[in-house]
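User: I want to learn how to read a model like this one. Please take me through its features in turn.

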Amino acid sequence: MINLLQHTSEPHTVSFDINKALKTVTTYAWVSAGVFFLCYIYVVGAITFSVVKERGLQQETTSLVSSIGQEELRYLSLQKTLTENYALALGFVPAQKVAFTTPQQAIAWNVGN
């Protein structure tokens with residue numbers, strides 16, 4: 001704690017050093033302004049980098065959506081030409097036996113209950 005009051009040798013008198021008080025208040029004001037300025041710079045920088053990253057992600061998303069659309073069009077155009085004869089010509093063979101399975105109840109223990 002800063003003591004701005006000084007006791008004098010005279011009884012019952014207290015003097016107040018206004019210059020010391022102003023210097024202390026000014027110092028605290030400048031330090032506070034500096035801290036607030038650094039916080040402001042940090043927030044503005046964080047917002048700026050966030051916006052730049054978001055723009056990059058938007059651009060990447062647009063590119064991915066475009067490439068997905070191109071692949072869908074390619075699939076739709078190839079779907080018309082895919083036949084059993086075409087698959088046999090590429091070397092595929094018909095399946096000998098088709099078996100389907102159904103899920104069955106598994107044994108499980110609920111540890112948490």
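Analyst: We start with confidence and layout, then turn to contacts and surface. This is a predicted model: local features need pLDDT of at least 70, side-chain atom pairs count only at pLDDT 80 or more, and totals for chains, interfaces and linings use all residues. Residues are numbered from 1 along each chain as its sequence is written, and side-chain values use heavy atoms, with hydrogens and water left out.

User: Where is confidence lowest, and where is it highest?

Analyst: pLDDT is the predictor's confidence in each residue, from 0 to 100. Where it is low, predicted coordinates should not be read in detail. Here the chain mean is 84, and 81% of residues reach 70 or more. Strand β1 (residues 5-7) is lowest, at a mean of 58, while α1 is highest, at 94.

User: What pattern does the chain follow?

Analyst: Helices (H or I, at least four residues) and strands (E, at least two) are DSSP runs, numbered from the N terminus. The order along the sequence is β-β-α-α. That is 2 helices and 2 strands.

User: How many residues has α1, and what is its reach?

Analyst: The expected span of a helix is 1.5 Å times one less than its number of residues. Helix α1 has 62 residues and reaches 90 Å from first C-alpha to last, close to the expected 92 Å.

User: Which side chains meet in a salt bridge?

Analyst: Side chains of opposite charge can pair when their charged atoms come close. The cut-off is a side-chain nitrogen of Lys or Arg within 4 Å of a carboxyl oxygen of Asp or Glu. The structure holds 1 such bridge. It joins Arg74 and Glu71, at 3.1 Å, N to O. Both lie in helix α1, 3 residues apart, about one turn.

User: How much of the chain is buried?

Analyst: Buried residues are 2% of the 113 in the chain.

Conventions: Buried means under 20% relative accessible area, exposed over 50%, partly exposed in between (1.4 Å probe, protein chains only).
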